[in-house]
Amino acid sequence: MEEENGDQELLFNTSADQSTKKHERVIIHIDIDCYYAQVEMILNPSLCGKPLGIKQKNLVVTCNYEARALGVEKLMTIKSALEKCPSLILANGEDLKIYREMSEKIYHVLQSYSPFVEKLGLDENFVDVTHKIMKLPEVQQVVSGHTFQDSDDICACGCTERLAQGSLIAQKMRDHLRNELGITSCAGIAFNKLLAKLVGTTHKPNQQTTLLSTSSLSLITSLKHPRNIPGIGSAINRKLEALGIDTIEKLQSTEIFKLTEALGAKTANQIQQLSFGIDNSRVKITDRPKSIGAEDGFIPIRSEVEVRKKLMCLLDRVLELVEKDGRKPNQLKLTVRKLHPSSHSVRESRQTTIEYATGTGSSANQGPGDEKHKIKLMTTLMNLFEKIIGCDVSWQVTLLGISFSGYPSKNSESPAKNSINKYFPVKTSSSRPDEPLPPAKRGRFDESVLQELPPDIRQEVLEDMQNQLPSSDPQKPTDSNCPKGVDPLVFRELPVEIREELLAEERMKKQSNIKKSNNLLQYFRKAS
């Protein structure tokens, strides 16, 4: 409930001093140094110490620190990069397979320290180690690494000691990554996700920085421009600049009703919270993706032969990822970026239902049936392509994308959609709720870690498990997402369409309440 009430509280208490609050969480943000380049150097040690860039098409998408020191920058054209640094070595980074594999290894190392790990792309992770701090001795700790604007001020809630202990855990994580995988990283340690991500950038590479709560506002104001706050993108920034807001201080002091008029209540409250370093979002345990796919951009092509060739290469790459994932999709989507005569591009997608044959993407032990299924998928993709192109005889294509989705959900074993039996819970022979979870239902969780967690933290893990796995006892459904006034047992058995409709009504009520609060605030301000 803390997150849900945050927006309402902000209307009346935005400028509350951080030092008067409890900073119970200890969040570590791990950011891998020049990730793509570092993976290439691990695979080919002869590249170490040399300027290295990772190319995709005609761009250097990233580079190592040796190349940066010689003037090479991210997203620089290959031509410009070679002019800056003639000795630059270029590695092809268009196939993301090796980067995905290393990312998974990093994720599993971090999971050995906490079940709360949230991936942010391939090279960043949030780790909540609050429960680890509770197990450590309550003694004076020295911060490992840097401290942002170290001062003598001490927060009354005891977070200084907790964050110092968190810095020791962060150091162990980084040492573990380097010793086991050869990966170097930066870390930020703070009492929320936003501040941990920001403070980690202050000392790079291969360093870590801890932010004490008494310095949190100093870190935020040092960003200068609101655009530098994660979560404020270019669209929101344009609206802020239209209001004359071009500094952090102006965003902090702007009356909330003005922001609400321009951005809506939810976004207005959220970004003003961020401008004070307030972020109540918790680290969400990363689940498997809802879709698996890949895209490929290129110079314009206008031949079906070329399209088929590009799609075949893409399909091979994506099928390998799907097979590694292990689930069977039932939806196939094709995305096409068309170049119009006026030189502007338009993306269009079409999807269809498929029957996926397991084993299609594995190169080993592939039989005639597997190849036959690939041909069938290619036929489906070309049919979707023809529907997207339509009657346009002058078409030109600059991008193709393939993705599989429609994976079995946690309720995939429920009765058929049109069967009346779906309204009646079916008892299973699964273990009692108080018994340990069988290995097949643990997923990414380590039961030994789960038992050590404090009750409140353990409940969060169990809620994540409930969201990711089928309920072991249909008679005891979770009511965390159930609308008020609706029986959880009945709600869980309703068709998906009706559940979504009820949840939509619940969201509308919350938005309406926030709007009423904004109107009241505006009224009292005008009256005063």
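In what order do the 4 strands of the open antiparallel sheet stand?

**Before you click**

What you have open is a predicted model, where local features need pLDDT of at least 70 and side-chain atom pairs count only at pLDDT 80 or more, while totals for chains, interfaces and linings use all residues. Residues are numbered from 1 along each chain as its sequence is written, and side-chain values use heavy atoms, with hydrogens and water left out.

Start with the whole chain on screen. It has 20 helices and 14 strands; these are DSSP runs numbered from the N terminus, with helices being H or I of at least four residues and strands being E of at least two. Of the 528 residues, 42% are buried, where buried means under 20% relative accessible area, exposed means over 50% and partly exposed is in between (1.4 Å probe, protein chains only). Take the contacts (heavy atoms within 4.5 Å) between residues at least 6 apart in sequence: 65% of them join residues at least 24 apart.

**Stop 1**

Across the open sheet the order reads β11-β14-β12-β13, with antiparallel pairing. Two strands count as paired if DSSP finds at least two bridges between them. From one strand to the next, the twist averages 15°.

Zoom in on D296 and you'll find its bridge partner in β14, L400.

Next, show 304–325. This is helix α14, lying across β11, β14 and β12 (331–339), and it runs at about 165° to β11. Angles run from 0 to 180 degrees between N-to-C directions, and axes are lines fitted to C-alpha atoms, for helices over the stretch in contact.

**Stop 2: an enclosed strand**

Jump to 185–190, strand β9. Here 6 of the 6 residues are buried, so the strand is largely enclosed by the rest of the structure.

Which strands pair with β9 here? One is β1 (residues 27–32), joined to β9 by 6 bridges and running antiparallel. Another is β10 (residues 208–210), which pairs with β9 in the parallel sense over 3 bridges. Pick I189 to see both pairings: I28 has I189 as its bridge partner in β9, and I189 has T210 as its bridge partner in β10.

**Stop 3**

Select 234–242 (α10) and 256–263 (α12). The two helices pack at an angle of about 125°, with their axes 10 Å apart. They are therefore oblique to each other; angles under 35 degrees count as roughly parallel, over 145 as roughly antiparallel, 65 to 115 as roughly perpendicular and the rest as oblique. Show side chains for I236, K239 and L240 of α10, and for L259, A262 and L263 of α12, which make the contact.

On the α12 side look for I256, L259, T260 and L263; they meet A265, T267, A268, N269, I271 and Q272 in α13.

Is α13 enclosed or open? With 8 of its 11 residues buried, α13 is largely enclosed by the rest of the structure. The buried residues include A265, L274 and S275.

**Stop 4: the mixed sheet**

Finish with another open sheet of 4 strands, ordered β4-β3-β2-β5, where the pairing is mixed. At the edges stand β4 (76–77) and β5 (89–92), each with a single partner strand, so one side of each is left without a neighbour in the sheet. Select β3 (residues 59–63): 2 bridges join it to β4, and the two run antiparallel. L59 stands opposite T77 in β4. Last, show 35–43, helix α2, which lies across β2 (52–56), β3 and β5 and runs at about 110° to β2.
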